[in-house]
Amino acid sequence: MAGSTLEIKNLHVSIEGKEILKGVDLTIKGGEFHAVMGPNGTGKSTLASAVMGHPKYEVTEGSILLDGEDVLEMEVDERARAGLFLAMQYPSEISGVTTSDFLRSSMNARREEGDEVSLMKFIKEMDSALDYLEIDKNMAQRYLNEGFSGGEKKRNEILQLMLLKPEIAILDEIDSGLDIDALKIVSKGINKLRDENFGCLIITHYQRLLNYITPDHVHVMMQGRVVKSGGPELAQRLEAEGYEWIKEELGIEDETVGQNA
Ligand SMILES: Nc1ncnc2c1ncn2[C@@H]1O[C@H](COP(=O)(O)OP(=O)(O)OP(=O)(O)O)[C@@H](O)[C@H]1O
Ligand SMILES: [Mg+2]
């Protein structure tokens with residue numbers, strides 16, 4: 001079988017005792033690009049954090065499987081080693097660790113002991129990815145994300161993505177804050193990874209990104225669930241008409257999970 005499969009089944013997640021995700025079902029296979037859209041506060045980032053194992057997010061029901069292995073039993077670092085990757089909506093600044101050191105140790109963490117990438121090979125790969133993403137070489141020597149502009153942080157997430165080559169990536173609003181040229185470069189980086197061994201879930205508010213990265217499947221989240229799925233035409237309709245028609249169709253008054261639960 002080519003590529004990995006991430007299966008999210010009936011996922012319920014609570015934060016501080018409050019239920020945010022209320023039964024998410026989603027399957028991402030190697031080779032597939034999925035877009036997740038949906039109004040603010042409907043649980044998209046919560047889904048991403050829960051898959052990666054953020055300690056604040058308690059899974060109360062349902063399952064997450066990667067090639068049949070129980071992801072919920074894995075620690076955060078094991079999830080990364082198993083091939084999951086998350087580009088966060090708000091990447092953290094890590095003072096004292098350079099981008100380059102961070103990248104190298106993340107790459108090595110995914111490899112067996114004794115099989116670490118040599119410094120030469122690492123520098124070569126990093127330089128070529130920096131070139132590809134048109135990132136200033138000096139950036140790699142700066143502390144991770146510290147003082148980076150919004151757009152620089154997003155580009156840096158794609159740099160990690162390109163070097164780590166995960167099986168399944170979740171990209172949370174990778175397009176937010178990017179200028180038009182940067183949007184094209186980031187999209188180019190993501191598209192370069194497109195092959196049967198790479199599956200990707202792209203959380204976005206805008207069709208604009210999907211003009212560059214054509215999704216195979218588009219899902220809409222409301223009230224902590226996937227309420228509608230379709231092909232790329234679904235995202236186009238959302239861009240043109242907004243979300244009201246889906247709410248009407250499904251009889252949803254308040255699409256958020258936050259306030260009324
Ligand atoms: N750590 C947290 N503590 C308390 N509430 C939280 C936490 N994380 C998320 N929530 C709440 O869960 C709900 C869903 O948040 P989430 O960030 O998943 O939404 P989203 O769909 O990603 O929205 P956006 O499009 O604005 O990024 C919100 O009401 C939010 O306030
Ligand atoms: Mg979010």
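Select Asp 67 to begin: it is partly exposed, with 16 other C-beta atoms within 10 Å, where a residue counts as buried at 20 or more such neighbours within 10 Å of its own C-beta, exposed at 12 or fewer, and partly exposed in between, the C-beta atoms being placed from the backbone. This is a predicted model, in which local features need pLDDT of at least 70 and side-chain atom pairs count only at pLDDT 80 or more, while totals for chains, interfaces and linings use all residues. Residues are numbered from 1 along each chain as its sequence is written, and chains are lettered from A and ligands numbered from 1 in the order in which they are written.

Asp 67 lies in the loop between strand S4 (57-66) and strand S5 (69-70), helices (H or I, at least four residues) and strands (E, at least two) being DSSP runs numbered from the N terminus. Its phi is positive, about 50°, although Asp 67 is not a glycine.

Now select H5 (150-164) together with H6. Their axes come within 10 Å and cross at roughly 15°, the axes being lines fitted to C-alpha atoms over the stretch in contact, with angles from 0 to 180 degrees between N-to-C directions. H5 and H6 are therefore roughly parallel to each other, a term for angles under 35 degrees. On the H5 side, Gly 151, Lys 154, Arg 155, Ile 158 and Met 162 meet Ala 182, Ile 185, Val 186, Gly 189 and Ile 190 of H6, contact meaning C-beta atoms, placed from the backbone, within 7 Å.

Stay with H6 (residues 180-192), whose 13 residues reach 18 Å from first C-alpha to last, close to the 18 Å expected at 1.5 Å a residue, that is, 1.5 Å times one less than the number of residues. Its buried residues are Ala 182, Leu 183, Ile 185, Val 186, Ser 187, Gly 189 and Ile 190, and what covers them includes helix H4 (119-132), H5, strand S10 (199-203) and helix H7 (207-212).

Finally, select helix H3 (residues 99-109), whose axis comes within 10 Å of that of H5 and crosses it at roughly 30°, which makes H3 roughly parallel to H5. Thr 99, Leu 103, Ser 106 and Met 107 of H3 make the contact with Asn 156, Gln 160, Leu 163 and Leu 164 of H5.

Technical notes: Two residues are in contact if their C-beta atoms, placed from the backbone, lie within 7 Å. Angles under 35 degrees count as roughly parallel, over 145 as roughly antiparallel, 65 to 115 as roughly perpendicular and the rest as oblique.
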